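My notes follow the structure.

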Amino acid sequence: MGTTVTVDAALLRRWSAGAVAALQRASGRLDADNVFPVPDGDTGTNLLLTVAEAADSLTALVTAASSAEGEDAAVAGGPVPVRLAAQALMRGALVGARGSSGVIVSQYLRGLLGSLDVAPGAGSATLDAAAVARALREAADAAYGAVGEPVEGTVLT
């Protein structure tokens, strides 16, 4: 039996917090390396702001769920379903996308998270290597699809 990974709202929160921390450390280097199509020096900053918005969106959902009261609450105080958590990340990245690199990364996340086969209301999804590979392919396809004429030197490469 192959290795599997269980994806839930807690894992997505840890991943998004880690991504923000990594981009905080690397944004200056990414800004300095940004030379396509012009050396505008903001790719790292744009990626950081985009991913931070996605993380904030998920945090807001989890916070709202933990304080939810009554039957009308989306999650009614229980664990956030993984599909809702993924949607919060996708929506936050799209709404918070900064610059072309932010739009590309938001589409990457849409492809990655949107391709997960998760039952509505499920608290988690268990993925095998084939499912992860499919999600990564969907992510790459979505990112490339966000660019009219993909070229070397962008956040795609």
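I found R137 and D141 in helix α5, 4 residues apart, about one turn of the helix. Helices here are DSSP runs (H or I, at least four residues; strands are E, at least two), numbered from the N terminus. The model is predicted, so I took local features at pLDDT of at least 70 and side-chain atom pairs at pLDDT 80 or more, while totals for chains, interfaces and linings use all residues. Residues are numbered from 1 along each chain, and side-chain values use heavy atoms, without hydrogens and water.

The side chains of R137 and D141 form a salt bridge at 3.0 Å, N to O (a Lys or Arg side-chain nitrogen within 4 Å of an Asp or Glu carboxyl oxygen). I searched the whole structure and got 1 salt bridge. D141 is partly exposed because its relative accessibility is 42% (buried is under 20%, exposed over 50%, partly exposed in between, with a 1.4 Å probe and protein chains only).

**Nonpolar cores**

I then looked up the cores (buried Ala, Val, Leu, Ile, Met, Phe, Trp, Tyr and Cys joined through side-chain atoms within 4.5 Å). The largest has 25 residues, of which L12, L58, V80 and L113 touch the most other members. Helix α3 gives the largest share, 7 residues. Beyond four places in sequence, L58 contacts A9, L12, R13, S16, A85, A88 and L89 (heavy atoms within 4.5 Å). I noted a second, separate core of 9 residues, including L47 and V105.
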